[in-house]
Amino acid sequence: MPQVTHAHIRRAVECSDLAALRIAVYQASGDAEVAALGPVAQLSSEDRARLVDRCVELIERDLDSWELRVPSDDEIRTMLDLVLGVPTPEGDFELRKGVLSFDEFPFFADWPSGVGAVPDGFHVAVVGGGFNGIATAVQLEQLGIPYTVYERRGELGGTWSINRYPDIRVDTLSSSYEFSFEKDFAWSEYFARGPEVKRYLEHIAEKFDVLPNVRFGHDLVEARFDDDAEVWHVTFRLDDGSTVSHQANAVVSAAGLFANPMVPEFPGVDAFGGTVIHPTAWPDDIDLSDKRVAVIGNGSTGVQLLGRVAEMSAHVEVFQRTPQWISPRDKYGDPVEPEVRWLIDEMPGYWNWCRITSIMHLFDFHKDFLIRDPEFEATGGRITQKSEFVRNMLTEYIRSETGGRQDLIDALVPDYAPMVRRPIVDNGWYRALTRDNVELVTDGIARFTDSGIETEDGVVHEVDVVICATGYDIVKYLWPAEYYGRQGANLHERWDEESPMAYVGMMVPDFPNLFVLYGPNSQPVSGGVALPAWYQMWAGFVARCLTTMIERGTSTVEVTHEAFKAYNERLVEESQNLIMVTDEAIARRNYYVNGQGRMQVNAPWETSDYYRMVSYPDWDPDAIRYA
């Protein structure tokens, strides 16, 4: 424990998320001066200094007398107004209150009757031991519903177990990339590295008694619904190649969106004499020190690993298909200061309010970037005023990071609006391109040769190692496991015919008691919530369906064909207002849109509306049938 001196407290305040700290101090003290100073983002330098001084004074004088107190709804509304500078819409209040996490298990379900009597033999199969699987397991654990988590690998972590490439880390603040029911995990960096995220998930599984219910080395081969017994038979392949089957009343697929690597099939790749690596299969013992390396792709993974790979390698050629908008993040790569760690541990409410301030920029994401403003465009602007501002800011960032090199600027500035594709966080990618041993290649790849890569201009780039940072096949939900529903309905065949679709991202008709987490269209573009909160909400939706089914004494719960059809028709209609489904965006191979031009990953709903859909399964009383 560091010595708590005046200097220590001042440094803690100066390094803090001051917007969150201000509200936490106000909550603890009710100090009128702290409240009167206004939203931190709008403060003058003089008022900001006054706020820092006042927070230091109050913490130094009164911290020992403060305790964390759960505020009333009226108090939360007042404090939300103070931190945001604008009133919270009534429809958003319940969601934002959950994000604040003053309750022990926000977003989770309770038994409708308050009692909970699980029938003998009732069991849930949870497929996957990543974030979604662990969230669901903790929810079921709280309800006392028996379950087993089946994980195909030998450890927990999901994508954070599979990916071990250099400098892997989260691209959102660690304070927003955590479950709200664990309030004491001490992140070492503001943007946690992959191994620490994996340790976090292992910590959650151990602390909340999930580990005894995990079966490792179980790779799902088939899930088949038994129409007569109204149960699922799930068959797994074990590490020795044998198979084993189990029975479950419900199946929760937590395989996730990023389960199947996308490995491009270039002509001639089989004849290539070097090594081809996908980041999901990074060799532990690879030595690049004397190697010529090709990096294909400039998405999140390619951007994260380039700087470190360039340091490790003799020469690197970066193959860019489409320029990306790549942005900086404050404190990216920085450790959490000891003084800030002390503040998180000791200042009542600071952890809670950081959960709101860390995602404030997401509240009006779709209105700021994805829905055209005709009045602004009539003045000669593009998309919206904020979109144009960010375009200009990021263009200047490219200019600055490349040292003004016009050849790079011309190749790197996209011709489409920011946020049309998934935003990328910079990890020194632009600076890496200016290194003497790094070359940017923008000509398309024609084929592999025995010694390298030939581009469409006829040039052969001699390389020893090719890193395919080409992401995942996101439309292969649940693949390669086969799912058979009522009367043998094959889920993959159905999705092949009409593209992957689900009701509220989780349910498909004719597949009773099956829930797909991070399924089609399960992430609203409107933002306002970090992903782990959605993982908890989806787990809560599953639990509400199961507890209702159990208490009604029925065997199945499923979405009706009519509700499924109507929901997805509304989804498609609503998505037409977004620029990411325009021909312009689709032509740039938009991450968010599938080959049929249909929005695939996201939903067009307001965040508060989707929250209502997944928190209250009976929001449409004709949608879900219990039988």
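Student: How many disulfides does a search of the whole structure find?

Tutor: The search finds zero disulfides. Please keep in mind that this is a predicted model.

Student: Which cysteine sulfur is nearest to that of Cys55, then?

Tutor: The nearest is the sulfur of Cys354, which lies 12 Å away. Cys55 is in no disulfide, because two cysteine sulfur atoms would have to be within 2.5 Å of each other to count as one.

Student: Is Cys55 buried or exposed?

Tutor: Cys55 counts as buried, with a relative accessibility of 0%. Cys468 is buried too, its relative accessible area being 3%.

Student: Where do Asp31 and Arg54 sit in the chain?

Tutor: Asp31 belongs to the loop between helix 2 (18-29) and helix 3 (32-36), whereas Arg54 is in helix 4 (residues 45-62). The two are 23 residues apart, and the pair links distant parts of the chain.

Student: Are those two buried or exposed?

Tutor: Both are buried: Asp31 has a relative accessible area of 11%, and Arg54 has a relative accessibility of 14%. The cut-off for buried is under 20%, so each of these values qualifies.

Student: Which residues are linked with them in a network?

Tutor: A network of salt bridges links Asp31 and Arg54 with Glu33, Asp47, Arg50 and Glu57.

Student: What about Arg96? Which residue does Arg96 form a salt bridge with?

Tutor: Its partner is Asp92, and the closest N and O atoms are 3.4 Å apart.

Student: Why are Arg96 and Asp92 separated by about one helical turn?

Tutor: They are four residues apart in helix 6 (residues 90-100), so about one helical turn separates them. Arg96 counts as buried at 10% relative accessibility, and Asp92 counts as buried at 17%.

Student: And how far apart are the N and O atoms in the salt bridge of Arg405 and Asp407?

Tutor: The N to O distance in that salt bridge is 2.8 Å. Here Arg405 is partly exposed, with a relative accessible area of 33%, and Asp407 is also partly exposed, at 47% relative accessibility.

Student: How many bridges join strand 1 to strand 2?

Tutor: Four bridges join strand 1 (residues 124-127) to strand 2 (residues 147-151), and these strands run parallel. Val126 stands opposite Val149 in strand 2.

Student: How many residues are in the largest nonpolar core?

Tutor: That core has 202 residues. Among those with the most contacts inside it are Ile59, Val124, Phe179 and Trp353. Helix 19 supplies the largest share of this core, 13 residues. In soluble globular proteins, nonpolar side chains tend to be buried together.

Student: What does Val124 touch?

Tutor: Leaving aside residues up to four places away in sequence, Val124 touches residues including Leu140, Ile145, Ala250, Val252 and Leu546.

Student: Which residues does the second core include?

Tutor: The second core is separate and has 12 residues, including Ala294, Ile296, Ile445 and Phe448.

Student: One last topic: what is the order of the sheet with three strands?

Tutor: The order is 14-15-16, in an open sheet with antiparallel pairing. Strand 14 (445-448) and strand 16 (460-462) stand at the edges with a single partner strand each, so one side of each has no neighbour in the sheet. Neighbouring strands are turned by 25° against each other on average, direction ignored.

Student: How many bridges pair strand 15 with strand 16?

Tutor: Strand 15 (residues 452-455) pairs with strand 16 over three bridges in the antiparallel sense. Ile453 stands opposite His461 in strand 16.

Definitions and conventions. Residues numbered from 1 in each chain as written. Predicted model: local features only at pLDDT ≥ 70, side-chain atom pairs only at ≥ 80, totals over all residues. Heavy atoms only, no water. Pairing = 2+ DSSP bridges. Core = buried A, V, L, I, M, F, W, Y, C linked by side-chain atoms within 4.5 Å. Buried < 20%, exposed > 50% of the residue type's maximum accessible area, 1.4 Å probe, protein only. Contact = heavy atoms within 4.5 Å. Salt bridge = Lys/Arg side-chain N within 4 Å of Asp/Glu carboxyl O. Axes fitted to C-alpha atoms, helices over the stretch in contact; angles between N-to-C directions.
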